[in-house]
Amino acid sequence: MSTQNLPASEYGLPPDPPKAVLPGGQPLGDAHYPLPHIQTYAGQTNWSNRSYPYWYDEAVAHSRENAERMRLDPVINACMQLRVYPTALLTSHVDPDDDEDPFQVECAMKAQKLLSNMPGFLFAKRWLLDDGTFKGRSGLQVRWQWVPKKDRLWHLPTGFRPIDGDKLVFAWAENKVGVLVTSAFGAPIERLGTSERGRVYYATPEEREQLIIHEFEPEDVSFYKPTMAGAIHGVGLRGKLYWLWALKTKVWALGMDFLQWFARGLMVYYFKSGNDAHFQEMKAWVEAQDGSSSLFMPWLPGDSGYKPVERFEASTASPQFIQSLVTQYFDDLFKLNILGQTLTSGTASTGLGSGVAQAHQATFENFVKYDATALGETLTRDLLVPFYRVNFPGIPCGRWVLEVDDPNIQQMIENAQALYQMGAAIPEEPLMESAG
């Protein structure tokens, strides 16, 4: 592919100096950030590829295999499910950009009705939250089709296919997203690029509207870590908890070594020092036995208290300490980092009337609200905007809102009664929906 006519942004270079801001003209900074992100580091990597490297978090920077195994940890898996499922199950609605414009309100209500029963959408939301929160980025392919509804055709999503967050490649140029593909993938050469992991297919602007890309907590890393600059497109819990998980696996390995050696006790067999024939005879006899681990110790003639065989029973304090270290220290730290507290995934003494349980529940609800707000922003940008562009051309796009706060039904009814007695018109639909 020729690189002679590529824009400066492809190389992370600053755009041309911005023009003066005029009413109705080009916005401040010519709609660019003042500093190219890739230029804010001590060095640059992937200059020929013009994309952020794969090593954007501590897990993949240390070991790709361990980064994949980490998600299989049953404690991490249970915590991720407990965090993700409540958010994925939330109902949602579409708010108009201008709630005082009757036509925009009508469009928002129609969008909400059409998009509320998309096939496979529950699992799509779970994927975006789970993979995105854990790895820092996740994706979906969306299949759009014309669907007849009453008096017209609607351009609607009819299917979702997940994209692993580690397959996504972000170019230095803004809004340029690619997916790793096989070397045999046939595509126009201008749509293909390379990365340190292989070939990349970059989506066209039209294909970008068929992708939903969820980025979890974008971060800027140290000036001296250019290889991890990709954190600007999201860093998940995997990168933040990796070294804790690595230490946990090391401790578990020590525990397994202890069990292997001492679970059945330790047998010590003494042989005459310097007598190889005695040693070989003793070794053959021990290896023929089925039982505990064994050690061979030389016995010097003349030593008092000689015993041909001696058995040592292991103390239970060491394995109990290792178990408590893993289950009460490491696992509790995972719960605190993923869920913000421990009572939604376990039990503990809280004291009568202490309010500790309520505080833990409130913390967990804040995590759900946080994830719901972030997911709503992603769905607004990558799902609702394409929907509005085709179905409601020229109408400002609404906002996708996940309903995280349960309404106070009794208070709503009392307010409605008071307003009705004052002669106000009361809409029935919100009250009926809130009452189930």
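In this predicted model, helices α3 and α5 cross in a right-handed sense. Helix α3 spans residues 74-88 and helix α5 spans residues 121-135; their axes come within 9 Å and cross at roughly 135°. On the α3 side, the contact is made by I76, M80, R83, V84, Y85, T87 and A88. On the α5 side, L122, K125, R126, L129, D130, T133 and F134 take part. Sorted by class, this contact of α3 with α5 has eight nonpolar, two polar and four charged residues.

From α5 the description can pass to the sheet. Helix α5 lies across β2, β3 and β8 and runs at about 160° to β2. These strands form an open sheet of three strands in the order β3-β2-β8, with antiparallel pairing. The strands of a sheet pair through backbone hydrogen bonds, in either a parallel or an antiparallel arrangement. The edge positions are taken by β3, residues 152-163, and β8, residues 211-215, each of which pairs on one side only. Averaged over the sheet and with direction ignored, neighbouring strands are turned by 30° against each other.

Strand β2 covers residues 137-149 and pairs with β3 in the antiparallel sense over eleven bridges.

The loop between β2 and β3 contains K150. This residue has a positive phi of about 55° although it is not a glycine. K150 counts as exposed because its relative accessibility is 79%, where the cut-off for that class is over 50%. A positive phi also occurs at R50, a residue other than glycine, with a value near 55°. R50 is found in the segment before α1, the helix of residues 58-62. Its relative accessibility is 8%, so R50 counts as buried, whereas K150, at 79%, counts as exposed.

H233 is located in the loop between β8 and α7, the latter covering residues 237-262. With a relative accessibility of 17%, H233 counts as buried, since the limit for this class is under 20%. Leaving aside residues up to four places away in sequence, H233 touches Y52, G136, R137, F170 and E215. Among these, R137 belongs to strand β2, residues 137-149, and E215 belongs to the edge strand β8, residues 211-215.

A187 lies in the loop between β5 (177-180) and β6 (192-195). Its relative accessibility of 24% is the reason why A187 counts as partly exposed. With residues up to four places away in sequence again set aside, A187 touches L192 and Y201. A187 and Y201 are 14 residues apart in sequence, and their C-alpha atoms are 8.0 Å apart in space.

Definitions and conventions
Residues are numbered from 1 along each chain as its sequence is written. This is a predicted model: local features need pLDDT of at least 70, side-chain atom pairs count only at pLDDT 80 or more; totals for chains, interfaces and linings use all residues. Side-chain values use heavy atoms; hydrogens and water are left out. Axes are lines fitted to C-alpha atoms, for helices over the stretch in contact, and angles run from 0 to 180 degrees between N-to-C directions. Helices (H or I, at least four residues) and strands (E, at least two) are DSSP runs, numbered from the N terminus. A crossing is left-handed if the near helix is turned anticlockwise from the far one by less than a right angle, and right-handed if clockwise. Contact means heavy atoms within 4.5 Å. Ala, Val, Leu, Ile, Met, Phe, Trp, Tyr, Cys and Pro count as nonpolar, Asp, Glu, Lys and Arg as charged, and the others, Gly among them, as polar. Two strands pair if DSSP finds at least two bridges between them. Buried means under 20% relative accessible area, exposed over 50%, partly exposed in between (1.4 Å probe, protein chains only).
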